[in-house]
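Hi,

Here is the structure we talked about.

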Amino acid sequence: MPSTTPTARAELGAFGTLASAASAFALGVRRNFANWPVLMGRALFYLVAMAVLSALWDKVAAQRLSGTLASALPQGGLTLYVGATEWIALSIAAIHLRLEDDIRLGMLEPHLLRPKPYLVQKIAETLGDSLARLFGIGAAALIALALSGRAGPPLAAFLYVAVLGLLAVTVGVLLMTLTGLAAFWVRRVLPPYLIMQKSIFLLGGLFAPISLYPGWFYRFAMWTPFPADLFLAGNQMIAPSAATFAVSAMIQILWIAILSGLVALVWHAGLRKVLREGV
Amino acid sequence: MAIVSVENLRKDYRYVRRKPGLARLFSRDIQTIQAVDGISFQIAERERVAIIGPNGAGKSTTLKMLSGILEPTSGAAQVLGFVPWKQRRALAYRIGVVFGQRSQLWAELPARDSFALLRRIYDVDRITFERRRSQLVERFGLGALLDQPVQRLSLGQRMRCEIVASLLHGPALLFLDEPTIGLDITAKAAIRDFIREHAGAEGQTVVLTSHDTRDIELVCDRVIVINEGRIVVDQPTDQLRRLFLGHRLVTLRSAAAGIELSLPGVTRRTTEPHLSIFEVDTRVTRVDVVVQAALALGGIEDITIEDPPMEEVVRAIYDANGAR
């Protein structure tokens, strides 16, 4: 017979959902550390990418052409900036592909037969995955920075970036969740994924701070969620301050709230479709 | 007392048929398929019921509606006092579901981790969970496999884990959709034995769909036959077995051009050069007797024993009942 009465379960309510989400989160973390060769490979890829990008940006910075915005950045600042944005971009687990598989191949059905919300579980699991990657790639980045002899930002900047990085990954996971949920309507999420990915790269400032873009473009980008995914955290590596840190964190939290609402809306629309039409 | 009650349940699927060329831009041709067409039945507590039928008959659609993951077009149903499609999550605590072709485990993780997460998902207290897990793992001989990633398990091993996963929260009702599909004979037997014994011991009600008539014969005490979305037959398995389920097909590949068997209850189905197929009525002659007789003739290169296809069984039932 069931171990907990329906009344007791109703009382568990949100706490039960949180507890199961916490378990899913822990499972995501464990899975990454269990697959440590993959995590190591990811960290190695990060180091290779950074070796190329730092050579490129160091050469640009060496020109220090007067009158350009790049010349206003601290020496080696672009490399540090890209180090942070790449760290975040490579840490975001591919929830869009998992959602696509579950929705398109009908694997959603067993999950819908469970008492806890599928999407909350899936996002929690993906956040666990992403946290483990943040940790693994972050450790590699710090070691590489120490070994390179390159001047880093003040210590406080690392703390700011760590906090903003966590929030940034949450924003990124929610953006990718929206992309994955498109599978309810388009089945294959590659087209929406490409649009989302390029938007993140361009408007989020993956390879260069969006503050270097023309003013109108910067202002436009700041109205989108993409800088909350990359730029706001990366910016702390070139212009760290407690004030911008606090504002950045608030912007990220605001976007997390907005995107969570959007994800919930899209999920419910998709779920209605599946419950009505079948998988 | 009925714990599943279905009244005139119907499900229509609509889809857009694409027109060729530019016509598709200007008009949509919407087609409707009646997957389930007004079925009614009740299932009592502790009953083990098979829902069978050919592909596309409406079995899985019925199961999905009863478990709450598909809304009907019309009609009513109650499962354990819940309206499934309106109270899906509340019902989920009381039912266990196994899809033979869809895994509920996390492929890259050991089954132990999946079970632990399912404990949280179903709010099972630790002591009850550990007691239940130990019993199920021991019964299924899964001890050595618990720490292997599920993706490295064989299909039979994975299916045993799936069944354990569906029972950890102590469901009162078990839905099994093709639980033995793709398994070898030994694995099928182990799963059938387990379902029958466990459901009997725990007082669980079982609703099973399968293409394998042995699943039905060995697990269920009642059979509902569905064809084209309608119930064709609803009767005890014993009654159905006497009429339709006691047949096996024995295929003999031989060095000689053909094989002659003259045994009661054995009829020749087809003969091709070096290949003979016999239908055996097992109530009259056992399959081992037929095999021995064939081997005694000499020159047998290969023997296959299988159930008649479900489509044939259903057609026979359908014809016998004159329902159309």
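A word on conventions: residues are numbered from 1 along each chain as its sequence is written, while chains are lettered from A and ligands numbered from 1 in the order in which they are written. Please keep in mind that this is a predicted model, where local features need pLDDT of at least 70 and side-chain atom pairs count only at pLDDT 80 or more, though totals for chains, interfaces and linings use all residues.

**Chain B overall**

Chain B has 11 helices and 13 strands; helices (H or I, at least four residues) and strands (E, at least two) are DSSP runs, numbered from the N terminus. Its C-alpha trace spans about 65 × 60 × 50 Å along the principal axes. Of its 324 residues, 40% count as buried. Here a residue is buried if 20 or more other C-beta atoms lie within 10 Å of its own, exposed if 12 or fewer, and partly exposed in between, with C-beta atoms placed from the backbone. Two residues are in contact if those C-beta atoms lie within 7 Å. Among contacts in chain B between residues at least 6 apart in sequence, 69% join residues at least 24 apart.

The chain is divided into domain 1 (2-243) and domain 2 (246-321), with bounds from an automatic or database domain assignment. The C-alpha centres of these two domains of chain B lie 32 Å apart. Where they meet, 13 residues of domain 1 are in contact with 10 residues of domain 2. On the domain 1 side, the elements giving two or more residues are helix 8 (213-219), strand 8 (222-227), strand 9 (230-236) and helix 9 (237-245) of chain B. That side has six nonpolar, four polar and three charged residues. For these classes, Ala, Val, Leu, Ile, Met, Phe, Trp, Tyr, Cys and Pro count as nonpolar, Asp, Glu, Lys and Arg as charged, and the others, Gly among them, as polar.

**Where the chains touch**

The contact takes 30 residues from chain B and 28 residues from chain A. On the chain B side, helix 2 (59-67), helix 3 (88-92), strand 5 (95-99) and helix 4 (111-121) are the elements that give two or more residues. By class, that side has 14 nonpolar, five polar and 11 charged residues.

Leaving out residues up to four places away in sequence, L27(A) touches E125(A), G128(A), L109(B), D113(B) and L117(B).

**The cores**

A nonpolar core means a set of buried Ala, Val, Leu, Ile, Met, Phe, Trp, Tyr and Cys residues joined through C-beta atoms within 7 Å. The largest one has 143 residues, of which A168(A), L230(A), L168(B), F175(B), V206(B) and V223(B) touch the most other members. Helix 7 (residues 155-181) of chain A gives the largest share, 14 residues. Both domain 1 and domain 2 of chain B give residues to this core, so it lies between them. Apart from it lies another core of six residues, including L252(B) and F278(B).

**Two helices of chain A**

Helix 12 (residues 231-238) of chain A is mostly covered, with eight of its eight residues buried. These pack against helix 3 (77-91), helix 7, helix 9 (190-204), helix 11 (226-229) and helix 13 (242-277) of chain A.

In helix 9 of chain A, M196(A), I200(A), L203(A) and G204(A) are buried. Seen down the helix axis, they fall within an arc of 100° (taken from the directions from the axis to the C-beta atoms), so they line one face of the helix. The face turned away carries the exposed residues P191(A), L194(A), I195(A) and K198(A). Just after this helix, G205(A) takes a positive phi of about 80°.

N8(B), in strand 1 (residues 2-17) of chain B, has a positive phi of about 50° although it is not a glycine. L80(B), in the loop between strand 4 (74-79) and helix 3 of chain B, also has a positive phi, near 55°.

Cheers
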